[in-house]
Amino acid sequence: MSIYSDFRSVQDEIYKCMKCGNCQEVCPLYKATRKEVTVARGKIGLLEMFVTGEAEMTAGMAERMSYCTTCMACNEKCPCGVQFDRILLAARAEGVRRHGLHPVKKTAFTALRLQRFFDFGMRTGSRLQGAIFSRVAGRDYGARMRVDMGLLGRKKVFPRLAAKPFRADRPTVYVPRPRMKAAFFTGCMINYFYSDIGEAVLGVLKRNNVEVSIPEEQGCCGVPASVNGDVESARALARRNLKAFEASGADALIVSCSSCGSAWKHSYERLLEEDAVYRPLAAKWAARAYDISEFLVRVIDYDRESLGRIERKVTYHDPCHLRRGQNIFLEPRAILRSIPGVELIELQKPDRCCGMAGSFCIVHPDLADKVLAEKMADVARTPAQTVATGCPACRLQLWSGLINTGLPQDAVHVVQLLNESYERAAESGATRA
Ligand code: SF4
Ligand code: SF4
């Protein structure tokens, strides 16, 4: 029984909770609000009443399920092993079955399913963005909305939309006698905003003799739809991506976004549990999916001899869906430490959520800002010059926080620093002494 199809599938998970409240200690939303509804225990209490028939799942109860960044810190802390993320996803799907989707979300997820239409919209948006966004003074990146449209407000800093999507006309990167053939799943953030991360992924793989193709028919990973309870859209997107990668003939699938990685490794199998055709494909590609840092460190043992020097103090933010969703936290640090001249300075709480959480920061912008403020205070305590992370969505949130807090650091993906290091060595003709 899939968590996405039948809420009863998480009934036992709900009963595991002994209401000890340990999850309060780690929940970023509880820390920001001190309200029980924001923590796992509060939501489980409500859902228990629904399971036992003491309460209906009203629109109000469904709305309370939006108070979660899906950071999974409570899963890790829970002495009873409650997997709250499973409960929450099932509850949100149940809420949509009973009360439907908010019209804005419905429009957004329908557009994501119509990839060519979405692509056209983003290209048009890129041409019109000057009318909607103004550049952030004193920075060569980032833009804010000119008018407060009531969603993210005027404070939020966005990356500028790329003039052309990253995947447009992108040929396979061939290398002579490749050691492996990989296919790159870019995700929407890299395709439309952060093409610099995509370029770094291609650059690093090429230097390590890996051939990379970018399957054209890929689309959104489906996480925005699945975490908001739109199971049918998430399934449609999962099937499209599986079909595209199955046709690629690649040995490995590379992602550099933590949510996309979690989708390929975990969500697709759960979403397609009852689909006899696509479930085996989901299992096959889950086994072949790698975060870029995991692939470099664990699979190909990347070249450390051709790295150039970057004199920089760097700190690292763990994306929740990389650290807790995929157990990847050593690999990005190993990469940073391997770059000559980079000094890695740990945050006090590197794995504390940054507050981005996809649509969470749109639905609850003030709360997202409070969570982000904690992260910024942590960054400000370090002498770091750069904040590195392993996810483009976290990078966006960190950018916004750094700029709005007046901190001078830039935020980059780890793979960008690695690529920069290779490029420096290539430019100077020097290799590591
Ligand atoms: S820590 Fe686990 S058992 Fe304790 S209240 Fe939270 S979810 Fe329930
Ligand atoms: S997943 Fe994170 S935000 Fe959600 S209840 Fe658990 S600790 Fe709080």
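**Close-up views of a predicted model**

**View 1. Ser338 in its helix.** Ser338 lies in helix α17. The model shown here and in every view below is predicted. Ser338 is partly exposed, because 17 other C-beta atoms lie within 10 Å, and a residue needs 20 or more to be buried and 12 or fewer to be exposed. Which residues does Ser338 touch, leaving aside those up to four places away in sequence? They are Arg304 and Leu307. Glu305 is 33 residues from Ser338 along the chain. The C-alpha atoms of Ser338 and Glu305 are separated by 9.7 Å.

**View 2. The shell around ligand 1.** Ligand 1 has 16 residues around it. Cys17, Cys20, Cys23, Arg41 and Cys78 come nearest. Two helices, α3 (40-51) and α5, each supply at least two residues of this shell. Helix α3 gives the most, with 3 residues. By class, the shell around ligand 1 holds 11 nonpolar, 2 polar and 3 charged residues.

**View 3. The shell around ligand 2.** Here 15 residues surround the ligand. The closest to ligand 2 are Cys27, Cys68, Cys71, Ala73 and Cys74. Helices α2 (28-33) and α5 (73-77) each supply at least two residues of the shell. How many of the residues around ligand 2 are nonpolar, polar and charged? The shell has 13 nonpolar residues, 2 polar residues and no charged ones.

**View 4. Two loop residues with positive phi.** Most residues other than glycine have a negative phi. Lys19 has a positive phi, near 60°, and is not a glycine. Lys19 sits in the loop between α1 (11-16) and α2. Met72 is not a glycine either, yet its phi is positive, about 65°. The place of Met72 is the loop between α4 (59-64) and α5. Is Lys19 buried or exposed? Lys19 counts as exposed, because it has 12 C-beta neighbours inside 10 Å. Met72 counts as buried, because it has 23 C-beta neighbours inside 10 Å.

**View 5. Where domain 1 meets domain 2.** The domain assignment of the protein chain gives domain 1 (7-99) and domain 2 (312-428). The C-alpha centres of these two domains lie 28 Å apart. The contact takes 12 residues from domain 1 and 12 residues from domain 2. On the side of domain 1 that touches domain 2, α2 and α5 each supply at least two residues. Which element has the largest share of that side of domain 1? It is α2, with 4 residues. The residues of this side of domain 1 divide into 6 nonpolar, 5 polar and 1 charged.

**View 6. Strand β3 and its partners.** Strand β3 (residues 180-185) pairs with strand β4 (residues 210-213) in the parallel sense, over 4 bridges. Lys181 stands opposite Glu211 in β4. Strand β3 also runs parallel to strand β5 (residues 252-255), joined by 4 bridges. There, Ala182 stands opposite Ala252 in β5. In a regular strand the side chains alternate between the two faces of the sheet.

**View 7. Helix α19 and its cover.** Helix α19 (residues 365-380) has 16 residues. From its first C-alpha to its last, α19 reaches 22 Å, close to the 22 Å expected at 1.5 Å a residue. Its buried residues are Leu367, Ala368, Asp369, Val371, Leu372, Lys375, Met376 and Val379. In an α-helix there are 3.6 residues a turn, so residues three or four places apart point the same way. What covers the buried residues of α19? The cover includes α2, β7 (312-317), α18 (360-363), β9 and α20 (392-405).

View 8. At 1.5 Å a residue, the 15 residues of helix α21 (residues 414-428) should span 21 Å. The end C-alpha atoms of α21 are 22 Å apart, which agrees. The buried residues of α21 are Val414, Val415, Gln416, Leu417, Leu418, Asn419, Ser421 and Tyr422. These buried residues pack against helices α10 (195-207), α15 (292-299) and α17 (330-338), and also against strands β8 (342-344), β9 (386-389) and β10 (410-413). Gly429 follows α21, and the phi of Gly429 is positive, near 75°.

Note on methods. Residues numbered from 1 in each chain as written. Chains lettered and ligands numbered in written order. Predicted model: local features only at pLDDT ≥ 70, side-chain atom pairs only at ≥ 80, totals over all residues. Expected span 1.5 Å × (residues − 1). Contact = placed C-beta atoms within 7 Å. Near = placed C-beta within 6 Å. Nonpolar A, V, L, I, M, F, W, Y, C, P; charged D, E, K, R; others polar. Pairing = 2+ DSSP bridges. Domains from an automatic or database assignment.
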